[in-house]
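Welcome, and please open the model in your viewer. We will go from stop to stop, selecting a few residues each time.

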Amino acid sequence: MPEPSVNVTPLAELQREGVAAPSYALEWTSQAELLGYYIAKNRLTKYYQTDLLVEVLGDACFFGLEQEHLAEEIASLTARTQVPGKTFSEEAVKRELGWDEEAGDTFTPQEEKYRAQAEATAQKISDYSKQAAIDEILQSLAD
């Protein structure tokens with residue numbers, strides 16, 4: 001299972017969309033604003049609270065509390081995503097990387113079946129865990 005990721009999700013979006021709510025990277029949020037955010041009081045955030053604070057303060061050390069270049073970076077990212085770029089098909093990427101499926105770098109049909117089942121199960125676990133955490137957060141706010 002992957003390590004937990006630390007992201008920001010507005011409470012209204014959690015309430016409205018549950019596990020489908022988008023999350024936003026901490027790097028694109030003002031450090032001064034981020035330090036004032038509510039940290040949900042649930043099992044996972046209690047466990048990872050120190051890690052979260054270390055990540056936020058570490059970013060502040062490297063990028064500066066004021067994040068002087070944040071607005072420029074966001075504008076640059078926005079501009080780059082608005083310009084249609086060259087896209088590649090899966091086959092073109094494999095060719096570019098020299099991935100030779102004929103050389104045996106593939107799953108057998110049975111392995112592919114197991115891999116797909118494992119990915120589906122991992123997604124179910126992730127969705128269940130996220131929903132349980134969201135429910136816990138929303139319940140704590142209602143109390």
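This is a predicted model: local features need pLDDT of at least 70, side-chain atom pairs count only at pLDDT 80 or more; totals for chains, interfaces and linings use all residues.

Glu119 and Arg115 form a salt bridge, with their closest N and O atoms 2.3 Å apart. Both residues sit in helix α6, 4 residues apart, about one turn of the helix.

Next, select the whole of helix α6, residues 109-142. Its 34 residues should span 50 Å at 1.5 Å a residue, and the end C-alpha atoms, 49 Å apart, agree with that. Confidence in the protein is highest here, at a mean of 89, and lowest in helix α2 (residues 31-34), at 73. Pick out Ala133, Ile134 and Ile137, the buried residues of α6. Helix α1 (11-17) is included in what covers them.

Move on to Arg16 and Glu17, whose side chains meet in a salt bridge at 3.4 Å, N to O. Arg16 is exposed at 57%, while Glu17 is partly exposed at 33%.

Finish at Tyr47 and Tyr48. Their ring centres are 4.7 Å apart and their planes stand at 85°, so the pair is edge-to-face. Tyr47 is exposed at 62%; Tyr48, at 26%, is partly exposed.

Conventions: Residues are numbered from 1 along each chain as its sequence is written. Side-chain values use heavy atoms; hydrogens and water are left out. Rings of Phe, Tyr and Trp (its six-membered ring) pair if their centres lie within 6.5 Å; planes under 30 degrees apart count as stacked, over 60 as edge-to-face and the rest as tilted. Buried means under 20% relative accessible area, exposed over 50%, partly exposed in between (1.4 Å probe, protein chains only). Helices (H or I, at least four residues) and strands (E, at least two) are DSSP runs, numbered from the N terminus. The expected span of a helix is 1.5 Å times one less than its number of residues. Contact means heavy atoms within 4.5 Å. pLDDT is the predictor's confidence in each residue, from 0 to 100. A salt bridge is a side-chain nitrogen of Lys or Arg within 4 Å of a carboxyl oxygen of Asp or Glu.
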